[in-house]
Amino acid sequence: MAEALLEIRDLKIEATSYPPGERPRDVVLVDGVSLTLQKGRVLGLIGESGAGKSTIGLSAMAYGRGGVRLTGGTIRLRGDEIRTASAAGLRAIRGQRVTYVAQSAAAAFNPAKKLMEQVIETTLLHGLASRTEAEARAVALFAKLGLPNPDTFGQRFPHQVSGGQLQRAMTAMALCPKPDLVIFDEPTTALDVTTQIDVLAAIKEAIRDTGVGALYITHDLAVVAQVSDDIMVLRHGKMVEYGSVDQIINAPREAYTQALISVRQMEHPEKPAEAPVVLSVGQVTARYRGTHFDVLKNVSVDLRAGQTLAVVGESGSGKSTLARAITGLLPPRSGTIRFAGRELSRDLAGRSKDDLRELQMIYQMADVAMNPRHTVGQIIGRPLEFYFGLKGAAKQTRIQQLLDEIEMGRGFADRYPAELSGGQKQRVCIARALAAKPRLIICDEVTSALDPLVADGILKLLLDLQKVEGVAYLFITHDLATVKAIADSIAVMYRGAVVRYGAKSDVLAPPYDDYTDLLLSSVPEMRLGWLEEVIASRRMESAGN
Amino acid sequence: MHPVVKLVAQRIALGMLLLLAASVLIFAGTQILPGDVAQAILGQQATPVALANLRAQMGLDQPAYIRYFEWLFGVLHGDLGHSLANGQDVAGEIMGRLGNTLFLASTAAVIAVPTAILLGLVSVRYQGRWPDKVISAVTLSTVSVPEFLLGYILMYLFAVEYPIAPSVAMVDDTMGLLAKLHAVLLPATVLVLVVLGHMMRMTRAAILNVMQSAYIETAELKGIRPFLVIFRHAFPNAISPVVNVVMINLAYLVVGVVVVEVVFVYPGMGQYLVDHVAKRDVPVVQACGLVFAAIYIGLNMLADVISILANPRLRHPK
Amino acid sequence: MRRIPLSALIGLVITAAYLLAALFAPLIAPYGMADVVGGVWEPSSSQFWLGTDGIGRDVLTRMIYGGQTTIAVALAATILSFTTGSILGFTAAVVGGWVDQLLSRFIDLVMAIPTLIFALVVLSVMPVTMLTLILVMGLLDSTRVFRLARAVAVDIAVMDYVEAARLRGERRGWIIFREILPNALSPLVAEMGMRFIFQVLFISTLSFLGLGVQPPLADWGGIVKENKDGIVYGIPAALYPAIAIATLAISVNLVADWILNRTTSLKGGRNG
């Protein structure tokens with residue numbers, strides 16, 4: 001058998017952690033991981049945050065980010081041990097034999113240099129080709145990756161092209177020196193779903209055509225199923241399961257893998273449209289101060305008591321702006337917002353305490369939604385005190401009740417937000433909203449920053465609370481799996497307008513409008529060959545037109 | 001019009017406006033005294049005749065805004081008024097002294113700026129290791145001593161104990177460049193030491209900030225040598241923060257000059273200003289204040305203009 | 001409780017020593033502040049540890065009393081600049097709109113003139129008293145505190161938890177004092193150390209120029225002025241304030257650094 005392209009044995013990676021108030025200590029990030037990658041194959045590394053997947057990916061370049069140390073095991077590239085290689089030896093490998101595609105190309109490109117300069121830099125630096133050859137190679141790669149005007153594309157600066165284009169340019173940069181191995185580190189995670197599918201297809205094609213080996217790192221199993229030959233599932237720096245893509249997706253052995261696969265497949269039966277309308281947004285148009293462009297255009301939606309309206313759209317669709325308009329943070333220029341049978345004042349200052357109490361909000365980043373200097377008890381207790389005048393033992397009892405409701409139990413009231421996990425933080429934010437006994441909670445991308453399993457837990461909790469408390473949710477999200485899991489009705493937004501609105505069963509059933517069709521068909525599905533099918537059907541459609 | 005041209009023009013116009021407003025503030029600063037300025041200048045023992053003379057000379061019988069506009073009109077025509085102490089033409093006095101001050105300040109700047117940037121780069125390259133720590137410790141001690149004391153320490157060491165330079169920095173127009181440089185050796189060294197610490201620390205911070213960007217990791221992952229990473233990838237992005245640092249420190253240097261000139265009895269603007277503050281010679285103080293403010297505002301404006309020019313997003317709009 | 005690093009400990013001890021010496025100057029100083037007790041510029045001896053000054057006063061005594069004056073004036077000016085600067089800065093950040101514009105532009109204008117130059121301009125007509133000095137120094141420096149306080153508060157004011165408090169209907173007082181202030185305190189306290197040092201240097205410079213503390217009152221800058229002529233005869237009396245100011249400045253810097261580092265590690269919260 002030929003020598004493996006990359007062979008990692010018993011890899012151990014450590015870092016020094018500096019917990020506040022304690023002495024620094026060493027923590028093991030990755031332990032006992034072994035993998036083999038043959039030339040021209042793609043290995044997917046998958047796991048939740050903290051699984052060590054990026055750390056392992058970078059170890060293939062013998063690189064430790066921010067003080068991370070590769071302390072044990074062997075990393076062989078075509079048989080050469082690189083973990084213990086000298087700095088000069090590593091420079092000959094990095095950027096030449098192994099290259100890297102980062103999650104955020106927008107940050108990874110140098111803003112002061114033209115794209116072409118950066119794309120061909122390594123090729124020139126390592127003396128792999130002349131400038132003319134390198135530029136020709138780059139232009140060919142731009143064309144292959146479907147970038148517009150490949151001949152002149154390289155003359156632009158990074159800030160002059162879109163996010164999806166930058167991600168492809170970064171792939172071109174990685175492929176230009178004709179490496180043996182490319183590390184893709186969540187290359188499509190920061191992109192909108194309709195952009196992701198094109199970039200994904202471009203990357204897959206480029207890998208196939210150039211015959212490089214690749215490590216593909218992602219948290220999204222459906223994505224990795226499209227591009228990988230093999231998959232390694234990681235958790236807390238250890239290997240959980242390692243097998244062919246077919247085996248992992250269709251016959252997972254480990255419970256954790258099974259959980260990852262079944263995640264985000266929650267289905268929530270739609271409630272009948274019987275309850276009275278609690279929130280009615282009528283013909284709302286809004287723009288930000290000092291701009292001349294409406295970010296909301298005649299938006300009208302209704303939400304029934306105790307139900308969930310999912311507002312779905314990509315970045316720039318105006319979905320979060322809608323939340324700001326409803327809460328009064330961005331007073332609309334025209335239109336009405338009726339809530340619980342009364343018309344709400346357009347701006348915050350004109351609303352009564354009851355208006356404010358009955359309309360609560362939960363944010364995407366629970367981290368910055370809680371004052372880091374307040375304890376959990378203070379955070380949940382404040383609305384109790386503010387709206388209901390609760391004090392002393394009565395307040396403490398109610399705080400504990402709320403903590404029980406969000407399934408956090410005893411001992412949390414005295415903790416600070418920094419001591420909680422991401423999921424726990426979001427639960428505390430939910431408790432703070434519930435403390436006000438609201439009729440409506442606006443949930444702005446509340447699960448987007450969480451790992452899928454944790455996000456599922458939060459969605460289940462929200463659904464349970466809705467049954468008990470009868471609260472309505474206006475649920476803002478970009479993620480269609482979340483929509484299916486929680487919505488009773490759906491509004492699809494695109495460029496500031498609602499393009500499709502109705503009961504979930506109606507919105508998610510054909511015939512579709514063009515945008516909803518594009519959106520729905522772009523969501524990766526957890527099965528092999530999905531990407532090819534979609535791309536093929538889109539090509540047929542465009543050929544048919 | 002190209003947006004950069006527009007921005008630069010705006011910034012220059014803003015600088016002019018700021019200078020005008022600063023002139024109001026400087027003028028107002030000498031008017032805020034609750035009582036009679038003439039009385040304050042001459043003291044309690046002044047005779048009524050002397051008071052009346054001074055009032056007339058300063059035009060105190062007119063409202064403040066009229067005096068301001070008369071003053072401003074004079075300034076715009078190169079007339080800075082006459083000294084109350086000796087009746088000399090202030091503009092003429094300042095011309096000669098400004099040259100001396102700028103000579104001293106630019107000598108210091110020519111040494112300090114490249115040294116500071118180089119030390120900043122070395123500190124970044126060896127961050128957390130001994131070269132960084134040594135530079136950091138030395139500069140921390142030089143910025144912790146006021147410039148006049150640093151002046152006397154150097155004077156004590158290098159003019160008295162090991163005499164290699166004069167303790168009094170006298171220069172005049174008959175001297176050659178070399179003689180002049182020898183005369184300002186100690187004051188220039190003081191200025192260099194004072195400003196070097198600040199400039200080096202701020203340069204280090206500015207470059208470190210850039211070094212934490214994701215594109216620097218990209219460059220490292222391309223197998224580029226550390227010094228090349230700094231020069232090719234960090235430096236173009238650090239130009240604007242570093243230029244800002246340099247300008248802030250040059251502005252600071254212009255102020256530090258005031259004190260250092262007094263220490264070494266150097267015939268410059270600073271010495272002139274301080275002498276006449278003690279004599280309560282308002283026209284001289286106003287004129288010197290305005291000149292210092294103009295240099296300070298000019299340097300800050302230059303820093304902003306260079307930042308605008310160095311910003312790729314502004315230079316190459318979408 | 002977190003362990004105090006050695007550097008911060010040294011800083012704390014020296015800073016405390018200076019403060020105590022200033023506070024108990026009459027008890028510690030060997031002689032009276034303005035007493036002529038020996039010859040002119042006597043060298044250091046067991047009788048006069050640091051020698052005598054230009055008119056025969058004990059330099060150690062002058063240094064101790066000088067520290068008292070310098071530290072007191074600098075502290076008073078720092079407190080003035082902090083209260084003025086941070087109240088205005090927070091107000092500008094939270095109220096926003098034209099109030100913010102007006103304050104910020106005015107501060108920009110004052111800062112367009114170098115502090116020392118502006119102080120000299122004002123002192124050319126004002127009577128030089130302690131009160132004038134503290135007012136001029138404190139108010140001029142409050143511009144820097146304003147900028148920092150405003151910047152810190154603006155950063156915090158855009159946080160979701162502040163928005164959540166606004167949506168809850170909280171009053172402005174709660175938002176400033178309960179949501180913003182606790183998070184802004186540490187950088188401000190660290191900055192306070194830097195501002196104090198700046199004031200020590202500032203008052204010393206003014207006194208050295210003859211425009212600060214007036215004789216016979218002792219202060220560190222004045223001691224330099226009184227003894228500077230001795231330098232050319234090799235008499236180091238004028239250099240002692242350098243040691244005092246430098247050690248005080250470095251100590252306060254070390255403490256401020258520690259406070260700032262402690263804050264960032266708290267704020268970081270990257271322990272997940």
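The contact between chains C and B takes 38 residues from chain C and 41 residues from chain B, two residues being in contact if their C-beta atoms, placed from the backbone, lie within 7 Å. On the side of chain C that touches chain B, α4 (97–111), α5 (115–123), α8 (172–208) and α10 (240–268) of chain C each supply at least two residues. By class, that side of chain C has 31 nonpolar, six polar and one charged residues. Here Ala, Val, Leu, Ile, Met, Phe, Trp, Tyr, Cys and Pro count as nonpolar, Asp, Glu, Lys and Arg as charged, and the others, Gly among them, as polar.

The model is predicted: local features need pLDDT of at least 70, side-chain atom pairs count only at pLDDT 80 or more, and totals for chains, interfaces and linings use all residues. Residues are numbered from 1 along each chain as its sequence is written, while chains are lettered from A and ligands numbered from 1 in the order in which they are written.

Chain A averages a pLDDT (the predictor's confidence in each residue, from 0 to 100) of 90, and 99% of its residues score at least 70. Within chain A, confidence is highest in strand β17 (residues 440–444), at a mean of 95, and lowest in helix α22 (residues 530–544), at 84. Helices (H or I, at least four residues) and strands (E, at least two) are DSSP runs, numbered from the N terminus.

The contact of chain A with chain B takes 24 residues from chain A and 16 residues from chain B. The elements giving two or more residues to the side of chain A that touches chain B are α2 (87–93), α3 (105–108) and α4 (115–125) of chain A. The residues of that side divide into 13 nonpolar, seven polar and four charged.

**Helix pairs**

Two packed helices are described by the angle between their axes and the distance between the axes. Axes are lines fitted to C-alpha atoms, for helices over the stretch in contact, and angles run from 0 to 180 degrees between N-to-C directions.

| Helix pair | Axes come within | Crossing angle |
|---|---|---|
| α8 (residues 193–210) and α21 (residues 514–522) of chain A | 8 Å | roughly 55 degrees |
| α8 and α9 (residues 220–227) of chain C | 7 Å | roughly 30 degrees |

Angles under 35 degrees count as roughly parallel, over 145 as roughly antiparallel, 65 to 115 as roughly perpendicular and the rest as oblique. α8(A) passes α21(A) in a left-handed crossing; a crossing is left-handed if the near helix is turned anticlockwise from the far one by less than a right angle, and right-handed if clockwise. Val193(A), Thr194(A) and Ile197(A) of α8(A) meet Leu518(A), Leu519(A) and Ser522(A) of α21(A). The residues of this contact divide into four nonpolar, two polar and no charged.

In chain C, α8(C) and α9(C) are roughly parallel to each other, and their crossing is right-handed. From α8(C), Ile203(C), Ser204(C), Thr205(C), Leu206(C), Ser207(C) and Phe208(C) meet Trp220(C), Gly221(C), Gly222(C), Val224(C) and Lys225(C) of α9(C). This contact comprises five nonpolar, five polar and one charged residues.

**Covered helices**

Helix α12 (residues 319–327) of chain A is mostly covered, with nine of its nine residues buried. A residue is buried if 20 or more other C-beta atoms lie within 10 Å of its own, exposed if 12 or fewer, and partly exposed in between, with C-beta atoms placed from the backbone. Among the buried residues of α12(A) are Lys319(A) and Arg324(A). After α12(A) comes Gly328(A), whose phi is positive, near 95 degrees.

Helix α10 (residues 214–221) of chain B is largely enclosed by the rest of the structure, because six of its eight residues are buried. These buried residues are Tyr215(B), Glu217(B), Thr218(B), Ala219(B), Glu220(B) and Leu221(B). They pack against β6 (98–101) and α3 of chain A together with α11 (226–263) of chain B. Gly223(B), which follows α10(B), has a positive phi, near 75 degrees.

Asp275(B), in helix α12 (residues 269–278) of chain B, is partly exposed, with 15 other C-beta atoms within 10 Å. The C-alpha atoms of Asp275(B) and Phe73(B) are separated by 26 Å, the two residues being 202 residues apart along the chain.

**Chain C overall**

Chain C has ten helices and zero strands. The C-alpha trace of chain C spans about 75 × 50 × 30 Å along its principal axes. Of its 272 residues, 50% count as buried. Among contacts in chain C between residues at least 6 apart in sequence, 67% join residues at least 24 apart.
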